[in-house]
Amino acid sequence: MRLCNADVDEAERNPSQFEDFDEPEDDEGSSKSFFDLRQRTLSGMDLMPAFRVVVLGLARKLKNNTKDSILYSEVEDALGRYFRVLDSDMQRFANLHEILRDAADKAGAAGTSLVGSPPAVLAIHNAGIGLLHEGMREIAVVLLACGEMQRQCLDLKLDAQRSIASASSAPHISYSKYADFLDEAMALCDQLRR
């Protein structure tokens, strides 16, 4: 299934792009397209590098080929990979949040034994607990941002599926909306890696 750009007038679209471009089957009965070959190549790669390859390729197509159609499977693959990258990152941050919470709980329990200690020791102890809580708040903000991006990712995926389901001819999506989201997704991933 191919998707057309809703941002371009129908008269400006390339009508030859609405056909499926599968290569003819060879004598072994296997059909190979660039997308299939790329999928096989990416299957052995780590999650993040494979995601970057897919997203950079799709973003280039969305920005440069505004009059041509694109494969729905490419859009679905990019959004699915992004969802998995976010899920992996969220699990790591949730684990880090748990570790900091456990440390803060232990430090709070140890603080009761410092009742007769000099004020400087109590101040350092309280500052340490404050740093743990601040780190937990920052991680919670990151988790909320990741959750929001996952929601947007699912919304875009549903948008494309609704377009396919309701289209009488060629389904349409806004290339600029998807390209902007992919740029934002790459920026968030780069920030999370730092």
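This note walks through the predicted model in numbered points, from the whole chain down to single residues.

1. How to read the model. This is a predicted model, in which local features need pLDDT of at least 70, side-chain atom pairs count only at pLDDT 80 or more, and totals for chains, interfaces and linings use all residues. Residues are numbered from 1 along each chain as its sequence is written, and side-chain values use heavy atoms, with hydrogens and water left out.

2. Confidence. The pLDDT is the predictor's confidence in each residue, from 0 to 100. Its mean over the chain is 84, and 87% of the residues reach 70 or more. Please take care with residues 17-31, where the pLDDT is below 50; this stretch has 19 contacts in the model beyond near neighbours in sequence (a contact means heavy atoms within 4.5 Å). Where pLDDT is low, the predicted coordinates should not be read in detail.

3. Overall layout. You will find 5 helices and 3 strands in the chain, where helices (H or I, at least four residues) and strands (E, at least two) are DSSP runs numbered from the N terminus. Along the sequence they follow the pattern β-α-α-β-α-α-β-α. Of the contacts with a separation of 6 or more, 77% are between residues 24 or more positions apart.

4. Surface and interior. Buried residues make up 36% of the 194 residues; here buried means under 20% relative accessible area, exposed over 50%, and partly exposed in between (1.4 Å probe, protein chains only). The chain exposes about 11,400 Å², and carbon and sulfur atoms supply 55% of that area. Accessible areas come from the Shrake-Rupley method with a 1.4 Å probe, and for residues only the protein chains shown count as cover.

5. The sheet. The 3 strands form an open sheet in the order S2-S1-S3, with mixed pairing. S2 and S3 stand at the edges with a single partner strand each, so one side of each is left without a neighbour in the sheet. Two strands pair if DSSP finds at least two bridges between them.

6. Strand S1 (residues 2-5) pairs with S2 in the antiparallel sense over 2 bridges, and Leu3 stands opposite Ile70 in S2. With strand S3 (residues 172-173), S1 pairs in the parallel sense, again over 2 bridges. On that side, Cys4 stands opposite His172, and Asn5 stands opposite Ile173.

7. A polar contact to look up. Arg2 is found in strand S1, while Ser69 lies in the loop between helix H2 (47-64) and strand S2 (70-71). Their side chains are joined by a polar contact of 2.8 Å. Such a contact is a pair of N or O atoms within 3.5 Å; within protein, one must be able to donate a hydrogen and the other to accept it, and residues adjacent in sequence count only if both atoms are side-chain atoms. Arg2 has a relative accessible area of 13%, so it is buried; Ser69, at 5%, counts as buried too.

8. Helix H1. Within residues 34-42, Phe35, Arg38 and Leu42 are buried. Seen down the axis of H1, the buried residues fall within an arc of 65 degrees, so they line one face of the helix. The arc is that of the directions from the helix axis to the C-beta atoms. As background, an α-helix has 3.6 residues a turn, so residues three or four places apart point the same way.

9. Arg101. This residue is found in helix H3 (residues 72-111) and, at 33% relative accessibility, counts as partly exposed. The C-alpha atoms of Arg101 and Gly135 are separated by 9.5 Å, with the two residues 34 apart along the chain.
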